[in-house]
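Please work through the exercises below with the structure open beside you, and try each task on your own before reading its solution.

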Amino acid sequence: MANTSTRTLRLLSLLQTHRYWPGEELAERLGVSVRTLRRDIDRLRELGYPVEAQRGVDGGYQLAAGAALPPLVIDDEEAVALAVGLQSAAESPVEGIAETSVRVLAKVVQVMPARLRRRVEALRAMTVPVDWGGRPAAAVDPDGLTVVALACRDTERLRFSYTAADGRRADRHVEPHRLVCLDRRWYLVAYDLTRQDWRTFRLDRLTAPEGGGGRFAPRALPAADAAEFVRAGVNGLIRPYRVEAVVAAPAAGVRERIGRWGAIEEVDAGRCRIVMSADDLSWPMMALGSLGAEFTVVEPPELVERLDEWSTRFGRAVRASR
């Protein structure tokens, strides 16, 4: 039987993973009697944890919400996930969130074991955040992300399997430089040893990364920084639509709202020109509509047709609602 303190922490951890625990099952998991379990539950209550009990043959326990937040018990993977999540929140534009997240992140990392701190610090040091808004496009394996981050930090060559945009799969051997989070996607900037050139790899297309391939001397990146290198690559992708519109609003205000997704050029004090590229016209339509100003479409004609279709549908919705 574990000592009382260790057993209490184990009990707390179990209560936090299940909504409800039958008493006998919980006692069996802890290797104690039901009577000892009751004493341990009372000890948690004294520490401020609101544990609710259900009596009877099917009696059991569950952790309820309390008036104050008591200490939490989390495992290794949860601790790393918490730290990475706090790092993202520290870059939030929401007032008050960033500063608080930094304070909490410092507390979490300070008490972490060395093995976990190394993983978190690798992700923090080797990641360049860039905020373009948008939503996640694909899931990334956190273990793979950690392997790549450690290889970047330790300047160790990396091997992995990569699926290109056209579906072709190939093994790659690279010298990793930095991780970049762009538009909620993770990218690896690395020097490809097979192609003898710098490349950008999307991590959701990367599988089975293996570090420990030998140390290397860092090369000079052909860009101001890794974020700029990835941004240039994404902007260089072929897009089927070039969207141009003239908006009846000052350029400064339009640039502040949607400038990250296109080029804004002042026409006069009250008008500006917007040029953007897109593989789908829905986003330019929503961007233009969000400005709350009159606008004229210069190109493409497909955008005018789509706007006409939407306006007809919205008109029907208004008439039906009235």
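The exercises that follow concern a predicted model, and each task is followed by a solution in steps.

**Exercise 1. Find the order of the strands in the open sheet of 4 strands, and say which strands stand at its edges.**

Solution. Begin with the order, which is S11-S12-S10-S13, with antiparallel pairing. Next, look for strands that have a single partner: these are S11 (263-268) and S13, which therefore stand at the edges, so that one side of each is left without a neighbour in the sheet. Neighbouring strands of this sheet are turned against each other by 25° on average, if direction is ignored. To look at one pairing in detail, take S11 and S12 (residues 271-278), which pair in the antiparallel sense over 5 bridges; Glu265, for instance, has Arg273 in S12 as its bridge partner.

**Exercise 2. Determine which strands helix H9 and helix H11 lie across, and at what angles they run.**

Solution. Start with helix H9 (residues 251-258), which lies across strand S10 (241-247), S11 and S12, and runs at about 25° to S12. Then turn to H11, which lies across S10 and S13 and runs at about 140° to S13.

**Exercise 3. Describe the open sheet of 3 strands and the helix that lies across S2 and S3.**

Solution. The order of the strands is S1-S3-S2, and their pairing is antiparallel. Strand S1 (21-22) and strand S2 (51-54) each have a single partner strand and stand at the edges, so one side of each is left without a neighbour in the sheet. Between S2 and strand S3 (residues 60-63), which run antiparallel, there are 4 bridges, and within this pairing Glu52 has Gln62 in S3 as its bridge partner. Finally, helix H3 (residues 34-46) lies across S2 and S3, running at about 145° to S2.

**Exercise 4. Which peptide bond is cis, and where does Pro300 lie? Which values of phi do Gln196 and Ala208 have?**

Solution. As a reminder, most residues other than glycine have a negative phi, and most peptide bonds are trans. The cis bond runs from Glu299 to Pro300, with omega near 0°, and Pro300 lies in the loop between strand S13 (295-299) and helix H11 (301-321). For Gln196, phi is near 55°, a positive value in a residue other than glycine; Gln196 is found in the loop between strand S7 (185-192) and strand S8 (197-202). For Ala208, phi is near 50°, again a positive value, but Ala208 lies in strand S9 (residues 206-210).

To judge the surroundings of these residues, compare their relative accessible areas with the cut-off for exposed, which is over 50%. Gln196, at 49%, is therefore partly exposed, whereas Ala208, at 54%, is exposed.

**Exercise 5. Examine the salt bridge of Glu244 with Arg242, and then name the residues of the network.**

Solution. The side chains of Glu244 and Arg242 meet in a salt bridge of 3.0 Å, taken from N to O. Glu244 is buried, with a relative accessible area of 11%, whereas Arg242 is partly exposed, with 41%. Widening the view, one finds that Arg242, Glu244, Arg273 and Glu299 are linked in a network of salt bridges.

Conventions
Residues are numbered from 1 along each chain as its sequence is written. This is a predicted model: local features need pLDDT of at least 70, side-chain atom pairs count only at pLDDT 80 or more; totals for chains, interfaces and linings use all residues. Side-chain values use heavy atoms; hydrogens and water are left out. Helices (H or I, at least four residues) and strands (E, at least two) are DSSP runs, numbered from the N terminus. Buried means under 20% relative accessible area, exposed over 50%, partly exposed in between (1.4 Å probe, protein chains only). Two strands pair if DSSP finds at least two bridges between them. Axes are lines fitted to C-alpha atoms, for helices over the stretch in contact, and angles run from 0 to 180 degrees between N-to-C directions. Contact means heavy atoms within 4.5 Å. A salt bridge is a side-chain nitrogen of Lys or Arg within 4 Å of a carboxyl oxygen of Asp or Glu.
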